[in-house]
Each structure stands twice: as structure tokens, then as C-alpha cells.
Amino acid sequence: MSGFFDVPSDLQHSYAGLVAWHLEEALIPVAVGLVLALLVGQLCVRYSWVYPPVLWGTTIFYAIPSLAIFVILIDYTGQSQITVMIPLTLYSLVVLVPAIVDGVRAVPEETQAAATAMGFGPWRRYLRVELPIAVPAIFAGLRGATVASISLVSVGALIGNQGALGNLLADAMFYHRPMLAVSSVVTTAVLAIAADLLLLLLRNVLTPWLPRGRATAPETSADARSALESAR
């Protein structure tokens, strides 16, 4: 493992600094994407005609190579972290919006009717009843978006060394040090696995009413009633 933690001085970061930088560039876009997806998801649930164009738009955007997006953004945001994080935020919507919409749509109609009868308006019902019940489905999307974001950060190395751990891949070729590439790949994989496990743990904490073996939104009225009782 000699050289695994030895980062070239031209990166102006220690190994720990690169890890922190990588997580910053990966997790901030997912957090912003989640907030946007929650807002867009509510619109898609309330107005079903909105969902198809939103889904098509995000899917088409996801099909555009990230390098092409970087080239377009550089004229406006320069060779900065923002240039890397904007595409990652938009990419996360491709996963998060369908997860939220599908999770909320899976909430039993009788549960929504009960929440309405209790005086919950559309937004209060969405935040206090529908989203909590849809947490398993939402976290499935969140886990996928987080892992993908951690992996895609490395592409930022193509624009002004903004790829955090991905910069080690470029330096591995420049300095003929294969261990730098190993360090980049292994560390990125470990971060992705650790983030996925932490999100899985958080999902279990947030859904004490859900059997641990279930990975999607509750399908039974008993589960929905349990979540509704917790929202009262």
C-alpha cells in the first residue's frame, strides 16, 4: 500500500482533503436535487399532466454527455466546483423525481382520504402523511442518486482539476504512478458503499413501522395507518 495515501503536491490537497472535497462536490448536488425533486414531485402528483414532460426532460438531459455540459457551463461559471455540481444536481432529478412520484402514488387512497378528513390540506398531507409513507421508495432513489453522484464527480478532473479524487487518475498517468489510480478507484468505491449503508440505516430509523425486509412503500392499509397515526 506504499503510496496509497501519498498525494502529489500539484493537487494542493492531502488525501483527507481530497476525500472531503469529493464528498462536498457529490453530496451537495444530491441535497439540492432532493429539495427540487420534493417540490417538482408534489406538482407531478397534483397535476398528472406535468409528470410526462418533466420525466422526458430529465431523461433527455441525462443522455447528454457530462463533458458537453461542462463545455457549455464554463462560459458562465468558469472552471469551478459549480460547473461540476450543476450537472450532478440535474442528474439526480432523473432518479429522485420518479422515486418520489411513484412512492406518493403508492399511498393507499383510504389513507389520503383519512388525512383529508382530519383537516390536512394538500401540502400538509404531502409533507406529514404521503412523504413519510413513501420514505422507503424515496430512499431507494436517494441511494441510487448518491452512489451515482459520488462516482460522477471524478469527471470534473477534465475541467481545471475539479474532480477531487478523480484528479488522481490524471496524475497517475502524468507521473506514471499506477497506485494513484488504485487509490482513486478504491476510495471512491468505499465512499459510495459507506454512503449507501448510512442511507439504508437512516431509512430504517425513519420507518420503524416498516418491516425491515421491505424496500418499497407500504402496500397494506395497516402500514399506512401506522404512518398516519405517527403524523397526528
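Is Tyr175 buried, partly exposed or exposed? The points below take up this residue, its partner and two other sites.

1. The model is a predicted one. Tyr175 is partly exposed in this model, and its relative accessible area is 35%. This value falls in between the two cut-offs, because buried means under 20% and exposed means over 50%.

2. There are two aromatic pairs in the structure. One of them joins Phe61 and Tyr91, with 5.5 Å from centre to centre and 55° between the planes, and it is tilted. Phe61 belongs to helix H2 (residues 51-63) and Tyr91 to helix H4 (residues 81-105), so this pair ties together parts that are 30 residues apart in sequence. Tyr91 counts as buried, at 9% relative accessibility.

3. The rings of Phe174 and Tyr175 also pair: their centres are 4.9 Å apart. The planes of Phe174 and Tyr175 stand at 90°, so the pair is edge-to-face; the cut-off for that class is over 60 degrees. Phe174 is exposed, with 62% relative accessible area, whereas Tyr175 is partly exposed.

4. A separate point concerns the surface. Leu198, Leu201, Leu202, Val205 and Leu206 make a nonpolar surface patch of about 490 Å². Val205, one of these residues, is found in helix H8, which covers residues 178-206. The relative accessible area of Val205 is 57%, so Val205 counts as exposed, the cut-off being over 50%.

Conventions
Residues are numbered from 1 along each chain as its sequence is written. This is a predicted model: local features need pLDDT of at least 70, side-chain atom pairs count only at pLDDT 80 or more; totals for chains, interfaces and linings use all residues. Side-chain values use heavy atoms; hydrogens and water are left out. Rings of Phe, Tyr and Trp (its six-membered ring) pair if their centres lie within 6.5 Å; planes under 30 degrees apart count as stacked, over 60 as edge-to-face and the rest as tilted. Helices (H or I, at least four residues) and strands (E, at least two) are DSSP runs, numbered from the N terminus. Buried means under 20% relative accessible area, exposed over 50%, partly exposed in between (1.4 Å probe, protein chains only). Patches are made of residues with over 30% relative accessible area and no salt bridge: like charges are joined within 9 Å, nonpolar side chains (Val, Leu, Ile, Met, Phe, Trp, Tyr) within 5 Å. Accessible areas come from the Shrake-Rupley method with a 1.4 Å probe; for residues, only the protein chains shown count as cover. A salt bridge is a side-chain nitrogen of Lys or Arg within 4 Å of a carboxyl oxygen of Asp or Glu.
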